[in-house]
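Visitor: Please show me the structure, and then let us go through its geometry by question and answer.

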Amino acid sequence: MKRLGVGGWIILALAAVYFIGPLVLTVIFSLWEGRGHYGISAYVTLLQRPNIVRSLVVSVELALATCAALVVLLVPAMVFMNLYAPRLRPLFEFIAALPFVVPAIALVAGLSALFSGPEWLIGTPFYLVIPYFFLALPYAYRAIDVGIRAIDLTTLTEAGQSLGADMGQIIRLIVLPNLRTALVGSTLLTLAVVMGEFTFANVLLFHTFAVLINEVGQNAPTEAAALSTLSFLITWLAMAGVLLAGRRGGVQLSGAR
Amino acid sequence: MRFIIPYFFIFAFVAFAALFMLAPTAMLAAQAVTGEDGFTFDYLLALGEYRYLVAFRNSIELSAVSALVGVIAGGLIAHTVLKPSAPESLRSAVTSFSAVAANFGGVPLAFGFVATLGSLGLLTQGLKSIGIDLYSMGFTLYSITGLTVVYCYFQIPLMVIIITPALQGLRVEWREACENLGATPAQYWRMVGLPVLLPSLFSSFILLFGSAFSAYATAYALTSGNLALLTTEIGNVLSGDVMSSPQTGAALSVGMIVVMVGVLGLSAAASKRASRWHK
């Protein structure tokens, strides 16, 4: 405690003011009812809005669908690539890096230029699962890659095979349980990212949670503050999950590569 | 026969990426150079118009300044909590908070700052009541300066996360060797610490630059697209708020992608240099 030095304490104090200040003020602001009164009326009004539950449900559904897409599409592809086609690794790395290079707003421009149908694809909110998959791809790829490298996939597979297991059993009983930390980490991260995602939903005109916050915020600031508070709590819970699941540093956050 | 299933999954993933990631990007490039009479450079050349130059300049200024503040503040915070004398609880509190704050961007962050520093925000009103009127002093949250303040809220934590491994890679032996040779802490940092860290700092700066450069939601929620940034300009074209052709949006997108490719290339080169010290 004593040896951080004066400079260290000043830095931490300034950081605390900048980072905790807006959070506290946002909570207080959301409780403000005008003329010196404070209460939870903003939260009550929110619950009475017709769209709130619907948009929250849409966002949760999208988050879950994106996680499912990652598990079905990415995880087996990465496991099999490592087992059968390690020469494709550079291609996989390239694909995983693409979402950094192509900003969300550019991807959505490209998607709307390329696809104007069919209606069953682009007409439902679940169309968003496609861009969200790529939004989550860099984080998920990194987390799963770390997980796969940490276990000796080839040896485990050969051991399983020599004991008479088929590929399905090996994946289900050996590979997936060993990747659990990485999977939980990337799932929760995806959850946090999708719950707050605004760019794609707004441009493609789907009514998700973040789009609702924006709509509310343009004319009802205290309700928007209440929604921001809720949203921060959601992010906080998801991250607490990530940190608990990935104690060994299995998850790398926010595109550090 | 049993090898078909694995290759099917690999193929499915690559095909999915090709169809929904590569193809749209290629489509943008094609659209940017296709006019009514076929191939044309008009739309790319139109990026030289004043309003797009302003958008480019605003985007680059906002990204560069918020990245610089992020690198310095985040670096100092990480350095402080990583000191061996810092309590473990402080270290894990800062790490956890950084993980949350770095992912707390977009619309909720924007309205959090409206509640704090908006014209009716609590901090603005509080300062006004003690005689400091920010808005009459020329500050507004809905400007490049205001956006910079907001962006730092995710840039600084991002920096803490990115730079921590590099700071942990500074070997205690180097510092002890310096002390044994009679160097002051300032000399250690100037001649050993910073030169070793420089490539990591540079590549962190580049990544923070990219994260601010491609941010759309925060800026849109705060300014409704009225402040010219590259991302909001593209958004305006897409939602039909301005009278521009889709090709202009495509050309702007291509411009952004070119900047991002350059940025990532520089970062890769810097990381390569950084890894020399960590065998």
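Predicted model: local features only at pLDDT ≥ 70, side-chain atom pairs only at ≥ 80, totals over all residues.

Visitor: How many helices and strands does chain A have?

Guide: Helices (H or I, at least four residues) and strands (E, at least two) are DSSP runs, numbered from the N terminus. Along the sequence, chain A reads α-α-α-α-α-α-α-α-α-α-α-α-α. The count for chain A is therefore 13 helices and zero strands.

Visitor: Which elements make up chain B?

Guide: From the N terminus, the order in chain B is α-β-β-α-α-α-α-α-α-α-α-α-α-α. The C-alpha atoms of chain B occupy a box of roughly 75 × 75 × 40 Å along the principal axes. The elements of chain B are 12 helices and two strands.

Visitor: What share of the contacts in chain A with a separation of 6 or more comes from residues 24 or more positions apart?

Guide: A contact means heavy atoms within 4.5 Å. The C-alpha atoms of chain A fill a box of roughly 75 × 65 × 30 Å along the principal axes. Residues 24 or more positions apart supply a share of 75%.

Visitor: How far apart are the centres of the positive and negative side chains of chain B?

Guide: Lys and Arg count as positive and Asp and Glu as negative, while His and the chain ends are not counted. Each charge is placed at NZ of Lys, CZ of Arg, CG of Asp or CD of Glu. Chain B has 13 positive and 12 negative side chains, and the separation of the two centres is 17 Å.

Visitor: What area is buried between domain 1 and domain 2 of chain A?

Guide: Domain bounds come from an automatic or database domain assignment, which gives domain 1 (1-30) and domain 2 (42-245) in chain A. The contact takes five residues from domain 1 of chain A and nine residues from domain 2 of chain A. Buried area is the accessible area (1.4 Å probe) that two parts lose on being put together, summed over both. Carbon and sulfur atoms give 77% of the area between these domains of chain A, which is about 510 Å².

Visitor: Which three residues supply 11% of the area that chain B buries against chain A?

Guide: The interface brings 72 residues of chain B into contact with 75 residues of chain A. Together the two chains bury about 6,800 Å², 82% of it on carbon and sulfur atoms. The contribution of 11%, more than that of any other three residues, comes from B:Phe13, B:Phe20 and B:Met21.

Visitor: Is A:Tyr132 buried or exposed?

Guide: A:Tyr132 lies in helix α7 (residues 129-150) of chain A. Beyond residues up to four places away in sequence, A:Tyr132 touches A:Leu62, A:Thr66, A:Val194, A:Glu197, A:Phe200 and A:Ala201. Buried means under 20% relative accessible area, exposed over 50%, and partly exposed in between (1.4 Å probe, protein chains only). Because its relative accessible area is 0%, A:Tyr132 is buried.

Visitor: Why does A:Arg89 count as buried?

Guide: A:Arg89 belongs to helix α4 (residues 89-101) of chain A. Leaving aside neighbours within four places in sequence, A:Arg89 contacts A:Met81, A:Asn82, A:Tyr141, A:Asp145 and A:Arg149. A:Arg89 counts as buried because its relative accessibility is 19%.

Visitor: What is the phi of A:Leu205?

Guide: A:Leu205 sits in the loop between α11 (199-203) and α12 (209-219) of chain A. A:Leu205 is exposed, with a relative accessible area of 73%. Although A:Leu205 is not a glycine, its phi is positive, at about 60°.

Visitor: What distance separates the C-alpha atoms of B:Val54 and B:Val69?

Guide: B:Val54 is found in helix α3 (residues 50-82) of chain B, and B:Val54 is buried at a relative accessible area of 17%. B:Val54 and B:Val69 are 15 residues apart along the chain, and their C-alpha atoms are separated by 22 Å.

Terms used: Residues numbered from 1 in each chain as written. Chains lettered and ligands numbered in written order. Heavy atoms only, no water.
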